[in-house]
Structures are given as structure tokens and as C-alpha cells.
Amino acid sequence: MTVIERIRELKTAQAYLLTSQINVLYASGFTGDSSEFLITGAGAVFFTDSRYTLQAERQLNGLAQVITTSGKDRSSAIKSALTGIKTLAIEKTDVSMQRYGEFETDFDVESYVDISDALLTMRAVKTEEEVRKIEIAARASEKALTELLQCVRPGISELDIRAELVYQINRQGMESAFDPIVAGGENSALPHAQPGAYKLRRGDMLTLDFGCRYEGYCSDMTRTFGIGQVDGELKRIYDVVKRAQQRALDVSQAEQSARAIDAAARQVIDEAGYGACFGHGVGHGVGLEVHERPVLNPHSAHTMQKNMVYTVEPGVYIAGSGGVRIEDTCVYGRGSIHSFSKELILI
């Protein structure tokens, strides 16, 4: 069943107007912006401007009628396509109050239905083709990391490491799924540290959190490395995080509760005495966005389903010392899609 057919199966409205770049991509395969996608019971109409007409025709490949229009002409064209439609589903999380006011003024629609949540739920379970694209992105991430490590040494800055990592991603014809996290020394205690001028020193931990994007789909992985010899508490917390991640990966092969998967990792960290140093959830969904459903944290009500793609990423962070995080992207029912070592690699 195509995405268009799955949207029609929602049966919440007579027509569905997709306006966010992510959901337009999800339903149509179009990778540009400035576009809207209308799905009716009888067909589908794709609205874009002249910059993207040829691209849309190529990427949609007959999936929908492509209409070139912009500005107020766009509203008139959509209104024409909505003839006879009284109930319209929209993405209220994407539509601004101003835009919603224009809808009410310009369209002869009697009522609007929000499908934002339904689309998030739909996107959480991936098709085999979506999984394939994420796996390709994951393999590219591991290749980029392997090449990057040849350049990492004491004295190199976080900014230089990020630049080299992005280069290794780009040279494979891909783009970064998000701005990479490169955190050395005490900065590795910051879960979402921003790379800076800090230069690596012997005894530091180095955390790299990054991903590739392939045909719109993201991968996400984290590895933590030691610079020179790493002893004492930093070595201990590495071992704790590694065991916590493996425990969550093992449990996720059978457990359907996202909360229980989080609890499996959290128990290992709690028992080691570092519970207060693990403040975030153990994972999140990955797909067209690097953070989407399901959510794996102590409060999650999500139930895992076959072909959900998600991360498992426990961490321990100690202010003034450093931190460790290990993260894999996984497919529910199959496990991790990564093969890169989780042993503590000393550089």
C-alpha cells in the first residue's frame, strides 16, 4: 500500500492537504521545498513553483498532477482542486495562524481536521524500502567514522574533527543528518555539546554523535573514544554504559514496551551508582527526521512494532571529568544495524 493509499485509509476527511516539507516528501518523494500536496478520493495534485516544476515531475513520476503556482495564485489553484470538498484534513502543527486564516478565507471548506498526530504514527512504522535507505545511511556513517579516526590525535580541535567528519560524509554523496556533536575532555559531559576550539589532550574522552542522510532518511550513531590511556572512573563509566546499551538491545528483541527498554538500560546504570548522571531517555525514533516516534523514556506510552526504527543510546555524564554515550540505530525485530566496534578504542 502506498503512502497516499494509507492516508486515504484514515477516512477522517474528504481530502488531505500536506504542507510540511517532511510530510510532502513522505507522501510524494519530492525532495525540494515550497510545495504542497493535496490528496483527494479521486486523485492527487502537487503544487510547486517554477523553480521545482521539472524536479517534481521527475520525482513524482506520474504519482500526481503537478501544478506550477505560487503566492495568492497557489490558494486559488488549491481552491479549485477542492471543489465539492467540505471536510479538509491539514497539519495544524505546520500551519501558522496566518495561513490557517487564509484557508478559512480562501477555501469553501466547512470544517478542518488535524492529521499531524496520525502522520507521526504512520511514519513510525517503516516500509522495507525505508529501512533499506536508513541502512545505507548507517553504513555511510561507519565508513566516514573509520576514515575520520585516521586524523584524530592529541592537539586536534573539536572544530577540525567536525569539519573532517562532514567532509567524509559529503564525499560519499550524502549530507549530515544533523549538525554533528564533537565533544572532547570535560565537554563530553555535555550530552548535546557544540564543537569549539578545544584541543584534545591525552586522557580525554571524545564523544562523536552524528549521522548521514540518504534520499531523505537519517541514520544516527554515537561512539566514545579514549585519547591515549584512559584509566579510573572514565574507564569504569565506559564499561557501565556499554553494558547498559547491550542490556537494552537484548531486551528490545522481545519487549514491546518502549518504557521497559529504557528501564533495562537505566537499571544497569542505577545499580552501578550513576543513575543521577543519566538524565535523558534511552532512545528515539529515526526516519525522515532524526527525532521522531517512538520515544523510549521512563514516561513513554509507545508500543514497539515490527519495522519501527529507533536508537538505543544510554549515557553517563560527570561534570568536570567527562562523559560516555554509545548509540546504535536499530530496527525492531532485527536489532542494531551497526557493526562498528563498541569496545573502548584508544587513539
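This is a predicted model: local features need pLDDT of at least 70, side-chain atom pairs count only at pLDDT 80 or more; totals for chains, interfaces and linings use all residues.

Modeller: In soluble globular proteins, nonpolar side chains tend to be buried together. Here, the largest nonpolar core has 36 residues. Those with the most contacts inside this core are Ile 7, Tyr 16, Leu 18, Phe 30, Phe 37, Ile 39 and Phe 46.

Biologist: Which helix supplies the largest share of this core?

Modeller: Helix 2, spanning residues 21-28, supplies four residues, the largest share. The core also draws at least three residues from each of domain 1 (3-124) and domain 2 (128-336).

Biologist: Which residues does Phe 37 touch?

Modeller: Leaving aside residues up to four places away in sequence, the contacts of Phe 37 include Ile 4, Tyr 16, Leu 18, Val 24, Phe 46 and Leu 63. Apart from this core lies another, of 32 residues, with Val 230, Ala 248, Leu 296 and Ile 318 among them.

Biologist: In what order do the strands of the open sheet lie?

Modeller: Its three strands follow the order 7-10-11, with antiparallel pairing. Strand 7 (175-176) and strand 11 (217-218) each have a single partner strand, so one side of each is left without a neighbour in the sheet. Strand 7 is joined to strand 10 (residues 212-214) by two bridges, and Ser 176 stands opposite Cys 212.

Biologist: How many helices and strands does the protein have, and what percentage of its residues count as buried?

Modeller: There are ten helices and 19 strands. Of the 347 residues, 54% count as buried.

Note on methods: Residues are numbered from 1 along each chain as its sequence is written. Side-chain values use heavy atoms; hydrogens and water are left out. A nonpolar core is a set of buried Ala, Val, Leu, Ile, Met, Phe, Trp, Tyr and Cys residues joined through side-chain atoms within 4.5 Å. Buried means under 20% relative accessible area, exposed over 50%, partly exposed in between (1.4 Å probe, protein chains only). Domain bounds come from an automatic or database domain assignment. Contact means heavy atoms within 4.5 Å. Two strands pair if DSSP finds at least two bridges between them.
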